Amino acid sequence: MEKAKASEPVEGQSLSQAEAPLMAHEKKQTQDQPKWSFSLNLACVGSSIGAALPVGYCTGVMNSPAVHMRSWCNETLIARYDLHLGASGLEWLWSAVVSIFLVGGAIGSMTGASTANRFGRRGCFYICGMLLALGAVCFAVCRLLVSVELLLLGRLLVGLAGGLVTAFMPMYHSELAALSQRSTLSPCCAMGLTAGVVVAQICSLQSLFGGADRWHIALSFFGLLVLLCYAPFRWYPESPKWLYIVKGRKEEARQQLQQLRGYSSDSAALQAELNEMELEASAKVEASGFMEVLRNPRLRLPLIIVCAFLGGQQLSGINAIFFYSVSIFRKAGLSTQAAEWANLGAGSLNLATSMVGPVLLERVNRRPLMLLSTFFCAVCLFLFAMMLYFIESFSWFAMGCIGCIFLYIFFFQFGVGPMPFFIGAELFEVSPRPAAMALGSVVYWVCNFIIGMAFPTLQNAWGALVFLPFSITCLLLFGLTKRYLPETRGRDPSEVAPLVADGFKSKVLRTRTASQSS
């Protein structure tokens, strides 16, 4: 007699008894799937709104109330120090107020690696909150205390926080998320920065807080978001990878993984993640400082990619476009107020497109998105420069310029906008990751500073043709992506790192392993 199959009920056994093992297996599989836990959602949403959004806010809040703030600075220096600045002196003072934020960003980025490794990703987030809160206080009281120094100090403090945010936050989100969740959470930092610019544009409208008597409220408004998001700080999780690999606190790492994923204590998936961490800890590259990362030939190509992407994002012209958009809208026939609202519309499009990012990154590979984004950004910038140069020749060129601005913003958020912030977390393993992302963040802030300082001068010298170098930058990013960027979606950094370990001889389009099909 043949043995009864396991899936068929034997004599004397009910159907429910026969199905019990199968149901138990399916239940265990469901339990082993990583869940979107409260802890994970709190960390990603709270850190994006509480740190990334305020940094974006401080980037965009200075434009609208600039006239009133410059006048206040001049009057304050006369009243307190009897210091009468000429037009050039006042221009230098205002340049200092604007640029000290970028200098702080570069300094904060340089300390990002050591801060993230010493105090942890959660500790780095806490330090950012303290800097942002102190900056908000400086902004709130500078007008009351009649102090230009407090205004400068506040800009420096929020700049330091901005440098830390761009250095650690994409890494924090990547290390909290399971592999299947990473694509959804990767663009959160970029979305927070973009949302901050839009919120700043709204709060700094002349009809709200951008007036002569209320600009200090506009500057400090982000402090409410900081207080709201840092109130539940005790429930924010630490990165399990930092606990396990960097600090060797393995039991704490296990507990954090259970909390983040919703795993049971005997979960096979939990043990698999711990085994992967153990393997990475035993084989980790010792490079953790700036010089070690710079000298390691195996890390050279991924470091170039990270720095080129972050620097290229700034040199692709996004800030210059927003700086110039109001005057373009006015040339198209819009009134000053209508141009201001149209500029807000451009910022809103930037935010709306960035919110599509998690959906796209979950379903579409990194390489085609970046190639599409860089190519069409280059085309839009070239057409924009040509139409702007010949804007007086054809009446419809003004509307064509507006169309190019909106199309550029649309394609920018497909790849050039969000991808540079998190690509380092997908190319580098845990040990060299903080230093590599900190170096990329330094390049980001330095290029931001260069654009802020050089663009007005180059605009006066070259006119509309100043946008052609931005178009060339996008083409160079297209070439770098085409030749050297490996596909990272659905891959662990330990699988990606060997693909770029041979420098410019790397075969990044190597056939993917079975992990691709999964």
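The pLDDT is the predictor's confidence in each residue, on a scale from 0 to 100. For the predicted model considered here, the mean pLDDT of the chain is 85, and 90% of its residues reach 70 or more. Among the elements of the chain, the highest mean pLDDT, 95, belongs to helix α22 (residues 468-484), whereas the lowest, 40, is found for helix α24 (residues 514-517). Two stretches with values below 50 may also be noted: residues 1-8, for which the model has 1 contact beyond four places in sequence, and residues 24-29, which have 3 contacts in the model beyond near neighbours in sequence. Where pLDDT is low, the predicted coordinates should not be read in detail.

With a disulfide taken as a pair of cysteine sulfur atoms within 2.5 Å, the count for the model comes to 0. C401 is accordingly in no disulfide, the nearest cysteine sulfur, that of C404, being 6.4 Å away. C401 is buried, with a relative accessible area of 0%, and C58 is likewise buried, at 2%.

A further set of values concerns E362, which lies in helix α17, a helix that spans residues 336-363. At a relative accessibility of 28%, E362 counts as partly exposed. Apart from its neighbours within four places in sequence, E362 is in contact with S180, S183, T184 and R489. For one of these contacts, T184, the separation along the chain from E362 is 178 residues, while the C-alpha atoms of E362 and T184 are separated by 5.8 Å.

Notes. Residues are numbered from 1 along each chain as its sequence is written. This is a predicted model: local features need pLDDT of at least 70, side-chain atom pairs count only at pLDDT 80 or more; totals for chains, interfaces and linings use all residues. Side-chain values use heavy atoms; hydrogens and water are left out. Buried means under 20% relative accessible area, exposed over 50%, partly exposed in between (1.4 Å probe, protein chains only). Helices (H or I, at least four residues) and strands (E, at least two) are DSSP runs, numbered from the N terminus. Contact means heavy atoms within 4.5 Å.
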